[in-house]
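Subject: A structure for you to explore

Hi there,

Here is the structure I promised to pass on to you.

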Amino acid sequence: MALIITGNKFIKDLEKSGALGVYVPLEGGFEGRYQRRLRAAGYVTLHITARSLGDVAAYLTKVHGVRPPHLGKKSIGKGAAVGSVYYAPPIVTYHLQQLPPKSKGLVLWMIEGHLLSSQEIEYLANLANLEPRVKVVLERGGDRYFRWTPLKETLPNSYQSA
């Protein structure tokens, strides 16, 4: 019964701040429970990793170019260019277009948030202001119990955005 109450507080805090930094037990298990609570509340969840995202803003909200790895092989054929670039759609924008009509919005749940820079974290904290239907949950680190705080409060005090 306590998890239901805790889940409701989590959802209310997420709706209020737009972005949360969470600290989860390293053995795992709690993330799925909270994601299930979000889906039951009417949100669509998108679970991704922060590892190797590149430009976070471009990856999430803009069409961006992706170069395949070189792997020491040469391109063969007339149409294959040496520096070929493939274009990938913006993942958040694409999922927002596919939301069910009665959905409250999209929750972007990102693991391995400790790999992101302060500038990238600040962008994620402001993403809910740029697109009100998007909420962000960023796993910032481990702890003995599942706890959360507004994502802007997890930024270092010495960080000054330019």
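Let's begin with Arg-147, which is partly exposed, with a relative accessible area of 32%. Keep in mind as you read that this is a predicted model. Arg-147 forms a salt bridge with Asp-143, and the closest N and O atoms of the two are 2.3 Å apart. Asp-143 is partly exposed as well, at 24% relative accessible area.

If charged pairs are new to you, the idea is simple: side chains of opposite charge can pair when their charged atoms come close. How many salt bridges does a search of the whole structure find? The search gives 5. One of them joins the side chains of Glu-112 and Arg-51, with 3.2 Å from N to O. Glu-112 sits in the loop between β5 (105-111) and α5 (118-130), while Arg-51 sits in the loop between β2 (43-49) and α3 (56-61), so this pair ties together parts that are 61 residues apart in sequence. Glu-112 is partly exposed, with a relative accessible area of 24%, and Arg-51 is partly exposed at 45%. Also among the salt bridges is the one between Arg-133 and Glu-131, at 3.2 Å from N to O. Arg-133 has a relative accessible area of 39%, which makes it partly exposed, and Glu-131 is partly exposed with 25%.

Now for a charged residue without such a partner. Glu-31 is found in helix α2. Glu-31 is buried but has no salt bridge, and the nearest side chain of opposite charge, that of Arg-33, is 8.4 Å away. Which residues does Glu-31 contact, leaving aside its neighbours within four places in sequence? They are Val-24, Pro-25, Trp-109 and Glu-139.

An α-helix has 3.6 residues a turn, so residues three or four places apart point the same way. Just after α2, Gly-42 takes a positive phi of about 105°.

Next, the aromatic rings. The structure holds 8 aromatic pairs. In one of them, the rings of Tyr-34 and Trp-148 have their centres 6.0 Å apart and their planes at 70°, so this pair is edge-to-face. Tyr-34 belongs to helix α2 and Trp-148 to strand β7 (residues 147-150), so the pair ties together parts that are 114 residues apart in sequence. Tyr-34 is buried at 3% relative accessibility, and Trp-148 is buried at 19%. Trp-148 also pairs with Phe-146: their ring centres are 6.0 Å apart and their planes stand at 55°, so that pair is tilted. Phe-146 is buried too, with a relative accessible area of 8%. Ring pairs link Phe-10, Phe-30, Tyr-34, Trp-109, Phe-146 and Trp-148 into a cluster.

Finally, the overall picture. The protein has 5 helices and 7 strands, and from the N terminus on they run α-β-α-β-α-β-β-α-β-α-β-β. Of its 162 residues, 36% are buried. Among contacts between residues at least 6 apart in sequence, 79% join residues at least 24 apart. The protein exposes about 10,100 Å², with carbon and sulfur atoms supplying 54% of that area.

Enjoy exploring!

Best wishes

Note on methods
Residues are numbered from 1 along each chain as its sequence is written. This is a predicted model: local features need pLDDT of at least 70, side-chain atom pairs count only at pLDDT 80 or more; totals for chains, interfaces and linings use all residues. Side-chain values use heavy atoms; hydrogens and water are left out. A salt bridge is a side-chain nitrogen of Lys or Arg within 4 Å of a carboxyl oxygen of Asp or Glu. Helices (H or I, at least four residues) and strands (E, at least two) are DSSP runs, numbered from the N terminus. Buried means under 20% relative accessible area, exposed over 50%, partly exposed in between (1.4 Å probe, protein chains only). Lys and Arg count as positive and Asp and Glu as negative; His and the chain ends are not counted. Contact means heavy atoms within 4.5 Å. Accessible areas come from the Shrake-Rupley method with a 1.4 Å probe; for residues, only the protein chains shown count as cover. Rings of Phe, Tyr and Trp (its six-membered ring) pair if their centres lie within 6.5 Å; planes under 30 degrees apart count as stacked, over 60 as edge-to-face and the rest as tilted.
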